[in-house]
Each structure stands twice: as C-alpha cells, then as structure tokens.
Amino acid sequence: MYGFLIAIGVVLLVSIIWMVYRIQTLVSVVKGSDKKVVTRSNNINAILFMLFLFGMGAWLFWYSIKEYDNYQIPIASEHGVVTDRLFWITMAVTGVVFIITHILLFWFSYKYRYDENKRAAYYPDNNKLEVIWTLVPALVLTVLVVTGWKAWSDITSPAPDNAHAIEIMGYQFAWEIRYPGKDNQMGEFDYRLITATNSRGINFSDKNALDDFGAQNVVVPKGEPVLLMIRARDVLHSVFIPHMRVKMDAVPGMPTRFWFVANKTTAEMQEELGNPDFQYEIACAEVCGSGHFSMKKFITVLEPDEYQKWYNEQATFIEQDPDLIADLPDDIKELAAIQISESNK
Ligand SMILES: [Cu+2]
C-alpha cells in the first residue's frame, strides 16, 4: 500500500516539474525569446545523452566484471556444457551489437542535435544497405535459434529407457520428492486424493504406487540419466538446479519434465571447490508467494553403487503409514503386504 502511495507521489511530483517547465517555455515563446531556450535545452539534452552513455556504460562494465563469477559456477551435468556454450555465444553476438548500436545511438543524438546553421542532407533510401541490415541479423538469428532449439529439444525429448525417474512436486512453500521404488514405475496421482497424510495425491489403488517412497532431498546417481517429473499443486513454481543447468517450470495441471545426466558427485564438487560443506541446491525460480524464499532443497549426487544402496534402504509410503491403504480393496492390501515382506527379507 505504501509503495503504491509513494509511486503516485512520484508521478505527481514529476508532472508538476514538467508543467512548470512547460509554462516557462510558453512564457518565453510569448516573449519571443524561444529560440534561445530551444537551443539551450537541446544542448543540455545532448550532454545528458553523453553522460548517460558513459555513466551507464561504465556501470555495466563494472557490474559485469564484479558479477562474472556468478555466471561461471562450475557445471555438473553433461548438457550443461552445451547450454553454457550457447549462452556465451549468444551473449558475445548480442553484446557486440548492443554496444555498437548504443554508442552510435547516443553519439548521434549528441552530434546531430539542433543547430540553426546546419541543414540535414536529403538521403531518402539505400536499398543495398537495407538488404544488408535485414539479411545479416536474419542469418545470425537463424543460426542462434536453430542451435538453441536443438539443445532444447535434446533436453525435453523423451528420457532414455534406463533413466531414473524422480517426481518433484512444488507447493506453497516447499518441494515434495517421490521415487518410484523397485519397479521404477511411478504410481498414478490425482489431486482429488490429496489429504493431510497423502500430500502428493498418490493413487494407492494403482499397484505401481505400492512401493513408491518419499525423500527429504533429491538423490541421484552420477553418470546415469535422471528424469525429473515435475508438477505443482497450487501455483506456478520452477525447478532450478544451477550447477546442473536445469530449469523447468512446475505448472499446476500440466506436468513437465527434464532429463539430465549429473557428471560430478557431491564429494567430487566439494573437493573441486575446496569446500567440504558444499551441497548442490534446488531453488524455486518462480516468485510464487510470500514464502517463496523457503523453497530450497538439496540434491546429492552419489556414485551409482552408493545410490543403489541408499535406494534400497528407503521405506515406502505404506511401510511408514499403513493407514494410507486402509480403505482400499483387500487384493491391494495383500499385494502391499507381499512387497513389504519381500523387502524385509
Ligand atoms: Cu515456488
């Protein structure tokens, strides 16, 4: 509310200043001294253009250098190398064009400001020039878009058959993680089944759900494909794993996915960074409400054999809370009992 009032105040203040300026100009027009005023305000504006060019330019360079390390965090996934290369190529191409065009934009505004003694040259068109400045950007953009599209379709294409499926569901304000259990088949879900004890809405009458289990944090094996099955329970969220260069929206009612191969274990990254406390982080990259900041999880990358060991040690949802299937038909309960006794062997 205060922000809104302050914004209105600023708008009013700016319009008052502008009105005063207009009145001054009108007065000088009436007095017949308007030419001088116009020349002076043109000169002031021309100088402001140059000040802006150098001021903003210097700030931009300073900021880019200061924050450079944040653009360069170590990569821990296979496709991350491709994504980063694309990012820097695009940055270089658009950066060079941005710098040249902005220097020209501000420099021309300064150099060609109003001058009584100058006459503009009549130069209506130049077909050759127009063809060049249409074709060159079109070609460059086509190359950028096609390579970007290829990288994108590699990421979003169906995951390999041997991929480890992991479900990550966003809600206000946390993530819930689910593994498909020994059968590697994720059980169905339905939002109508969500209760206080079944927060993910898992459909336990689907036999694939009987061995599903939850986890506090995401654990994945190194060097093997991982498929993130992403969904949201309430509003838009976004799964962001900076070191893996993974980012995908979590959309209510429209599951999304992202598959990747992590290629450095947490232990290896801790060694590389010289930081024994380092953990890969998962953050929510969609401002999803007042508790957005708390949507933080860790993702641990283990060697495949360590991962298998961890995987086999997890207790299923039903083992932890047998009431989940209390109202279901007897054959489901029997199946669940058989699975539990097998896993305890
Ligand atoms: Cu969120």
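## Basis of the values

Residues are numbered from 1 along each chain as its sequence is written, and side-chain values use heavy atoms, with hydrogens and water left out. Because the model is predicted, local features need pLDDT of at least 70 and side-chain atom pairs count only at pLDDT 80 or more, while totals for chains, interfaces and linings use all residues.

## Aromatic rings

Rings of Phe, Tyr and Trp (its six-membered ring) form a pair if their centres lie within 6.5 Å; planes under 30 degrees apart are stacked, over 60 edge-to-face, and the rest tilted. The count is 18 aromatic pairs. In one of them, the ring centres of F52 and F106 are 5.4 Å apart and the planes stand at 45°, so the pair is tilted. This pair links distant parts of the chain, 54 residues apart: F52 belongs to helix α2 (residues 34-66) and F106 to helix α3 (residues 78-111). Helices here are DSSP runs (H or I, at least four residues) and strands are runs of E of at least two, numbered from the N terminus.

F52 has a relative accessible area of 42%, so F52 is partly exposed. F106, at 11%, is buried. Helix α2 also holds W62, which is partly exposed at 48% relative accessibility. The C-alpha atoms of W62 and T101 are separated by 20 Å, and these residues are 39 apart along the chain.

## Charges over rings

A charge sits over a ring if NZ of Lys or CZ of Arg is within 6 Å of the ring centre and within 35 degrees of the ring normal. The charged end of R231 is placed over the ring of F189, 3.6 Å from its centre. R233 lies over the face of Y171, 4.5 Å from the ring centre.

## Pockets

A pocket is an open set of points on a 1 Å grid over the protein atoms alone, where a 1.4 Å probe fits, with protein on both sides within 12 Å along at least five of seven lines; lining residues have an atom within 4 Å of a point. A volume is the space filled by probe spheres set on the points, which are joined across faces, edges and corners. The largest pocket has a volume of about 720 Å³. Its lining has 23 residues, and L60, F61, S64, F98 and I99 are the closest to the centre. Helices α2 and α3 are the elements that give two or more residues to this lining, and α3 gives the most, with 11. By type, the lining has 18 nonpolar residues, five polar and no charged (Ala, Val, Leu, Ile, Met, Phe, Trp, Tyr, Cys and Pro are nonpolar; Asp, Glu, Lys and Arg charged; the others, Gly among them, polar).

The second largest pocket holds about 390 Å³. Among its 14 lining residues, T83, D84, F240, P242 and R245 lie nearest the centre. The lining of this pocket divides into nine nonpolar, two polar and three charged residues.

## Helix α6

Which residues of helix α6 (residues 304-313) are buried? They are Y307, W310 and Y311. Seen down the axis of α6, these buried residues fall within an arc of 100° (taken from the directions from the helix axis to the C-beta atoms), so they line one face of the helix. On the other side of α6, D305, K309 and E313 are exposed. Ring pairs link Y307, W310 and Y311 with Y179 and F213 into a cluster.

Note on methods:
Buried means under 20% relative accessible area, exposed over 50%, partly exposed in between (1.4 Å probe, protein chains only).
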